[in-house]
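Here are a few friendly notes to read alongside the model. Take them one at a time, and keep the 3D view open as you go.

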Amino acid sequence: NNNQHPCTLWLEWGGADGNFRYYDKAAGTRVPFELGRFIVLDVLSTITGFDESSNQGVYANEVRDTTKQEITVRSKSGVIKKGLYSQIKESLPKGIKFTSSIYIAVEVDGEVKLGNIKLSGAALNSWVDFQKNNRMYDGAVKFAEVGTGKKGAVSYKFPKFTLEQSTPQDEESAKGVWQL
């Protein structure tokens, strides 16, 4: 399958640095990204991480309902686990995490583009709290500030989000990006 994914910006949260970032393949490094306002288009679930025992990155298909749709967890070596999340979560290798895959419309260099944010761990917890208290599809989401936490000897940072009123232009731009 040679279909190119229409998403042009793939973001993740860097909990140690406290910023959003993307991977620059040409430079072989992660680059900080100033995420401001964005429109949420869709939220799916997946598995991501790094399996230290095999020294490989891990990825999975994205699903809408983890109680009804199977997740296939893979590395370059092949399939690691397959099944409903509740059936496989306890047997996943250390370093593998449940992840929200959030598709967004976001302005980049004056142009609205289709982007994706992957959130896991404390960043995912922050997102879930935001979702509980806000109707994320009824406005523009804004990355507001960086929160801090500590678990044992580990200090970490997580994003905090707010909901703002979206403009008709925001909504129209988001529809255009999503209909690619």
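1. Let's begin with the second largest pocket: α3 provides the largest share of its lining, 4 residues. Please keep in mind that this is a predicted model. Along with α3 (168-178), β4 and β8 each give at least two residues to the lining of the second largest pocket.

2. How many residues line the second largest pocket? There are 16, and R37, V106, E107, V112 and D170 lie nearest its centre. Sorted by class, this lining has 8 nonpolar, 4 polar and 4 charged residues. The space in the second largest pocket comes to about 290 Å³.

3. Now turn to the largest pocket, with its volume of about 1,500 Å³. Its lining is made of 37 residues, and the closest to the centre are E12, R21, R30, T48 and G49. If you are wondering how anyone finds such spaces, rolling a probe the size of a water molecule over the atoms shows where empty space is left.

4. By class, the lining of the largest pocket divides into 17 nonpolar, 11 polar and 9 charged residues.

5. The helix α2 deserves a visit of its own. With 13 residues at 1.5 Å a residue, α2 should span 18 Å, and this agrees with the 19 Å between its end C-alpha atoms. Which residues of α2 are buried? They are A123, L124, S126, W127 and F130. Viewed down the helix axis, these buried residues of α2 fall within an arc of 160 degrees, so they line one face of the helix.

6. What does the buried side of α2 pack against? Its buried residues pack against β1, β4, β8, β9, β10 (140-151) and β11. The face of α2 turned away from that side carries the exposed residues K132 and N133.

7. Last, find N116 in strand β9. Is N116 buried or exposed? Its relative accessibility is 0%, so N116 counts as buried. Setting aside neighbours within four places in sequence, N116 is in contact with C7, L9, W10, L11, E62, S101, I102, Y103 and I104.

Notes. Residues are numbered from 1 along each chain as its sequence is written. This is a predicted model: local features need pLDDT of at least 70, side-chain atom pairs count only at pLDDT 80 or more; totals for chains, interfaces and linings use all residues. Side-chain values use heavy atoms; hydrogens and water are left out. On a 1 Å grid over the protein atoms alone, a cavity is a set of points where a 1.4 Å probe fits but cannot get out, and a pocket is an open set with protein on both sides within 12 Å along at least five of seven lines; lining residues have an atom within 4 Å of a point. Grid points are joined across faces, edges and corners, and a volume is the space filled by probe spheres set on the points. Ala, Val, Leu, Ile, Met, Phe, Trp, Tyr, Cys and Pro count as nonpolar, Asp, Glu, Lys and Arg as charged, and the others, Gly among them, as polar. The expected span of a helix is 1.5 Å times one less than its number of residues. Buried means under 20% relative accessible area, exposed over 50%, partly exposed in between (1.4 Å probe, protein chains only). The arc is that of the directions from the helix axis to the C-beta atoms. Contact means heavy atoms within 4.5 Å.
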